Amino acid sequence: MTLLDRAQGSAPWTPQSTGPRTEPGPLLPDAAPVRLLGEDAAGSAGTAAGLAPELLRTLHRRLVTGRRFNEQATALAKQGRLAVYPSSTGQEACQIAAAGVLQPTDWLFPSYRDSLAAVARGIDPVEVLTLLRGDAHSGWDPRRNRTAPLATPLATQAPHAVGLARAAALRGERLVALVLMGDGATSEGDFHEALNFAAVLRAPVVFLVQNNGYAISVPLAKQSAAPSLAHKAVGYGLPGRLVDGNDAAAVHQVVGEAVEYARDTGGPVLVEAITYRVDPHTNADDPRRYRSPEEAAAWRDHDPLVLMERHLRAAGLLDEEQRSAAAAEAEALAERMRAAFRTDPRPDPLDLFAHVYAEPTPQLREQEALLRAELAAEAESSGEEHR
Amino acid sequence: MAQALNRALRDALRADPSVHLLGEDVGALGGVFRVTDGLTAEFGEDRCTDTPLAEAGIVGTAVGMAMYGLRPVVELQFDAFAYPAFEQLASHVAKMRNRTAGRLPLPLTVRIPYGGGIGGVEHHGDSSEAYYVHTPGLHVMAPATVEDAYGMLRAAIASDDPVVFLEPKRLYWSKAEWDPEAPAATAPPGRAVLRREGRSAVLIAYGPSVPVCLEAAEAARADGWDLAVLDLRSLVPFDDETVCAAVRRTGRAVVVHESSGFAGVGAEIAARVTERCFHHLEAPVLRVAGFDIPYPPPMLERHHLPGVDRILDAVARLQWESSPSGDPDEGAGRR
């Protein structure tokens, strides 16, 4: 019997060591990513037929809004209103569909490119962009929307999701933690430790890797030699699933199944969503140095919005009225963003000391007094008063 | 001390259902130093959990547990094995309160058996306190007495902020009068405590160096020195007030620690004391520290670790009479 036989669940296998283990079902992903929205005009014989039309329309509306969010945030970065913006144009389906399957009690652990997922959790777009604007590390209360702050170091939020899901399970609560990461994050130690911990400690966590082809400039081929990133689940004893990350319906279904599997069994799942980063890594990046313009162009026909609209039209689910309603909704969001960012925020410098410890140390009190004096001197010379 | 720490963990687990222990070997084995002995048996595997062997995973998982309202207590088996967890400590544990503007405090205790002097091979004798002390957002404590081992660990677990709790390995088996059924109260963490009164100079130390300083103070009596010994107990927050009071009373100070001296905690203390007590000083603040070398093999560690003789040598230099040539550097170079 080979490992693959075991992974396929085809033969019984008894561990030599401790206690009973739950068979997690097939571990290996299918060879081809799950795809529901057909490439052809007929909607690929209605593979998404099982999904309610209302769901598809909702996904479409959110894709349109997500795309507009990316465009507006990119523009704000170009205007200097944001310090930086890592666009997720072309990857919107992964974030909005995945975040959309969570229950309000579930938790989301996003990375720095996952602004849309945070918006999908109901967080105000301005709060979502605080980190990237540069006035505060996180604009929202993580407990209110059950969404951790955007994590910048790669994969380090993955073990947090494991711990949180474990803590909830220990309390008898059936919540699921969803972690969003990129392909580069799968090379980090924390990714592997989190998968292993989740499997061994039986923590209901869904790890969603958005494989967008590049870790800044390094292509996937130089990131991993595995047949797929979803294969990485096998060695840890958890199921791996492969999905077309540009197919919002497929992401909704596959991540939805993974979340419910985690909720029902208390165990983790790894999902790889294959997508593509159309824009640069951030506005500071120059992708011409590491990939051809033709490559990005080839993905345009497989754009998440294109796929969804083609399908909806073929199924007779999208008329011009709905299309313009979605566009108007997106434009309203963009206008709110522009309005909110028209003025520069003025964070209080004394907040620097406010949240280092529950009780500031004597040393921080001294430093706070120093800054207070400096601010007073500045104010005096400029004729203003601080606070 | 190991028994006192075990008692502190047991009492914390009994007192607060949100306290959870996790780490490698903390279960059936009771920890390699037996600090968690019997806790899984009493509280079950959910409260005292053997984890896979991965320090970043252990600390990162504890972060998530703390985010959801638990009070995790982590054991990282040896000082040098804590380094894989350093990113979690520096990037998340220390910063979660700050990153979330106070909305997600992390009540998390990371216990690290630390320091040398037990004949361990490499990676089993590091003193890594400077890394943690240099990371804003972490509390850093190092008990030197059995009472403090109990009292400070209870305080660390009760703290709403993360604490790196450094347990001096060579004091684990120290024999001290201690009643586990009626643990004596200790000073609040964050305050330094004078372990010995003295008028001619003060030895400032923490953790494993405190007993060495007490021994040195006793030996120095023969040379007419009346040395005070100050136990810092907590490195963050740092008790400037008590340290400076002791220095002002004595006019002379030696900082003693076994980690490397260059850019170490002793350098910070010497600088702080000089800035605050310059006019009270009769001599420069001296440091007695480990050499600036990777932790040596066990057969050589006694040459590296500051012992009584090296402390007495420094104390002798505190006389600080100007040399005939008037060159103050002459005194500084003497060993």
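**Chain A, overall**

I started with the secondary structure: chain A carries 15 helices and 7 strands. I note that this is a predicted model. I then looked up burial, and 51% of the 387 residues of chain A count as buried. Chain A exposes about 17000 Å², with carbon and sulfur atoms supplying 53% of that area. Next I checked contact range. Among contacts in chain A with a separation of 6 or more, 74% join residues 24 or more positions apart.

**Cores**

I turned to the largest nonpolar core, which has 92 residues. Phe207(A) and Met67(B) touch the most other members. I listed the partners of Phe207(A), leaving out residues up to four places away in sequence; they include Val162(A), Met181(A), Leu195(A), Pro268(A) and Leu270(A). I also found a second, separate core of 60 residues. Leu36(A), Ala117(A), Leu150(A) and Leu333(A) are among its members.

**Interface of chains A and B**

I looked at the contact between the chains: 44 residues of chain B meet 44 residues of chain A. About 3600 Å² is buried between them, and carbon and sulfur atoms give 60% of this. On the chain B side, Tyr68(B), Arg99(B) and Arg103(B) lose the most area to chain A, together 22% of what that side buries.

I searched for polar links next. The rule finds 22 residue pairs in polar contact across the interface. It finds 1 salt bridge there. I located a salt bridge between the side chains of Arg276(B) and Glu366(A), at 2.9 Å from N to O.

Last, I asked which elements of chain B supply its side of the interface. Helix 3 (55–67), helix 4 (86–93), helix 5 (96–99) and helix 10 (265–277) each supply at least two residues. Helix 3 of chain B gives the largest share, 10 residues.

Notes:
Residues numbered from 1 in each chain as written. Chains lettered and ligands numbered in written order. Predicted model: local features only at pLDDT ≥ 70, side-chain atom pairs only at ≥ 80, totals over all residues. Heavy atoms only, no water. Core = buried A, V, L, I, M, F, W, Y, C linked by side-chain atoms within 4.5 Å. Buried < 20%, exposed > 50% of the residue type's maximum accessible area, 1.4 Å probe, protein only. Contact = heavy atoms within 4.5 Å. Helix = DSSP H or I, 4+ residues; strand = E, 2+ residues; numbered from the N terminus. Areas by Shrake-Rupley, 256 points an atom, 1.4 Å probe, with all protein chains shown as cover. Buried area = accessible area lost by both parts, 1.4 Å probe. Salt bridge = Lys/Arg side-chain N within 4 Å of Asp/Glu carboxyl O. Polar contact = N/O pair within 3.5 Å; in protein donor to acceptor, adjacent residues only side chain to side chain.
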